[in-house]
Amino acid sequence: MSLVKKFATVGSGTMLSRVFGFAREMMMAAALGTGPVAEAFYAAFQFPNTFRRLFAEGAFNAAFVPLFAKEIEANGVAGAKKFSEEVFGVLFTVLLLLTIAMELAMPFVIRYAIAPGFANDPEKLLLTVELAAIMFPYLICMSLGAMMAGMLNSLHRYFAAAIAPVFLNIILVGILVAAWYGGYDGREVGLALGWGVLAAGVVQLGIVFVAVRGAGVSIGLRRPRLTPSVKRLLWLALPAAITGGITQINTLVGTAIATGQDGAVPSLNLADRVYQLPLGIVGVAVGVVLLPELARALRAGNRVEAANLQNRSVEFTLFLTLPAAAALFTIAEPIVRVLYERGAFLPEDTLVVSEVLAIFGIGLPAFVLIKAFTPGYFAREDTRTPMIFAGISVAVNISVALLLFPSMGAPGIATASAVAGWINATLLFTVLVRRGQWGSDAGLLKRAPRIFVASALMGGVIHLAVSYMEPQFAPETPFYIQAAALAAVVAGGMVFYFAAVFGLGGADMGMIRRNVKRKQGTPSGGDQNNDPV
């Protein structure tokens, strides 16, 4: 299976999840707007979700995957099964103790770390604590599920791990539909969503557990022991967790700061949902697929293939994220109005959320490039360097957010996140080049500037189109007209972009077709380093 097909396998599951996620956010915006219940839910959910990214997805996709792959290669499935059971025993014990400790300390943690800005509103603070206590055990399910997803990725079985997150949004959409017909008040909706998150964690864990058994690896619960293999994993996982979750660290910091202004937390989360669509589809797909493929190439001593994998991943990233970034920056307001402006979500909310979304659009390519650059370190079992860069990024994010929030509000936090993302991506790439771990690629150097030009031209075209169609996007215009107008602008922008990028030589359809068809490790003819996206 080609690299692009593997990206597509993961990306399709992620896209389905994001589509249901949009439906969820649209319904939540209509039901709760940017009011106190929405603030409480988003702040509470950010807490376990950040832990999940720090200690589950980031750590295990970065540290567990190469070690599990090594066990398969050295000792076969039996050795890999033993290693996974050792890790499972330690991980489950740590997660259980952490959950108990956090449940006991939840009021203190929420009051002083997660939502300090809610201190002047006791009712909102109490609801946030209650929701966080309900949802925090979700961490156990998702962390164990992330470990099993790492096993599936190492075995080149990507779909189950990619499709499992869809069920979180399916369950929450179902709850919102029931709440709509049942006439629930805001607090009841918030609590029902909290329990839905926990139920979704159980369902997602069950899906990947069944998939792992179907792949021929059954996991039993062992007494936790710090074996040499587990110690090696922990040594790699701690910095990898911090590095892999850098976006979530910055989001958590931003959320804590945003609690100081009414409506800022939901505004950030609603904008985040929109830009997470391209970030998830491209970034997650690249990060999930590239790491095991790169680790395999390096273990085989195939530096040419490793360099090709890295360059093609960056090219794939730029090919899809630069036009997405241009669109988000240019037409953020129509996007937000069509998606969210109804019910409790007012026109003034649209202005704030669209400003945040436009700024997130500027940072989008950086956020995805981080996911393309970090496997270059993790596959070589270097998790310390990206951790240092992640720490620098967090420091920049906090400093800029504290500086800008008093005057700009939520857009100031988005600006800080974008600045921190670009600094992190630049540091990662620069050091890879200086170490000689990023090969020069004539194809990438030729096509990247042309992709940028095509994206900029597309941004200008859709800006003119939206200006011309301004009456169709007015707040008083019926929804179906707004939606049709936005669909026409997006479709026209896509047609223009593809025409421009192929016309300028930023991509070549014939070469892309050969790359999609070729089997992994098989040259497509010519210089392998010049293969397309």
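What pLDDT does the protein average, and what share of the residues score at least 70? The average is 82, and 85% of the residues score at least 70; pLDDT is the predictor's confidence in each residue, from 0 to 100.

Before you click around, two notes. This is a predicted model, in which local features need pLDDT of at least 70 and side-chain atom pairs count only at pLDDT 80 or more, while totals for chains, interfaces and linings use all residues. Residues are numbered from 1 along each chain as its sequence is written, and side-chain values use heavy atoms, with hydrogens and water left out.

**Stop 1: helix α6**

Select residues 166–182, which form helix α6. Helices here are DSSP runs (H or I, at least four residues), numbered from the N terminus. Now color the buried residues (under 20% relative accessible area, 1.4 Å probe, protein chains only): among them are Val166, Leu168, Leu172, Ile175 and Ala179. Step just past α6 to find Gly183, with a positive phi of about 70 degrees.

**Stop 2: α6 beside α7**

Residues in contact (heavy atoms within 4.5 Å) include Phe167, Leu168 and Ile171 of α6 and Val189, Ala192 and Leu193 of α7.

**Stop 3: Ala327**

Jump to Ala327 in helix α11, residues 303–330. Is Ala327 buried or exposed? Ala327 is buried, with a relative accessible area of 18%. Show Ala332, Ile335, Met458 and Ile462, which Ala327 touches when residues up to four places away in sequence are not counted. Then pick Gly361: its C-alpha atom is separated by 7.9 Å from that of Ala327, although the two residues are 34 apart along the chain.

**Stop 4: α15 and α16**

Select residues 384–408 for helix α15 and residues 410–434 for helix α16. Their axes come within 7 Å and cross at roughly 155 degrees. That makes α15 roughly antiparallel to α16.

**Last stop: residues 514–533**

Finish at residues 514–533, where pLDDT stays under 50. For this stretch the model has 55 contacts beyond four places in sequence.

How values were computed. Helices (H or I, at least four residues) and strands (E, at least two) are DSSP runs, numbered from the N terminus. The expected span of a helix is 1.5 Å times one less than its number of residues. Buried means under 20% relative accessible area, exposed over 50%, partly exposed in between (1.4 Å probe, protein chains only). Axes are lines fitted to C-alpha atoms, for helices over the stretch in contact, and angles run from 0 to 180 degrees between N-to-C directions. Angles under 35 degrees count as roughly parallel, over 145 as roughly antiparallel, 65 to 115 as roughly perpendicular and the rest as oblique.
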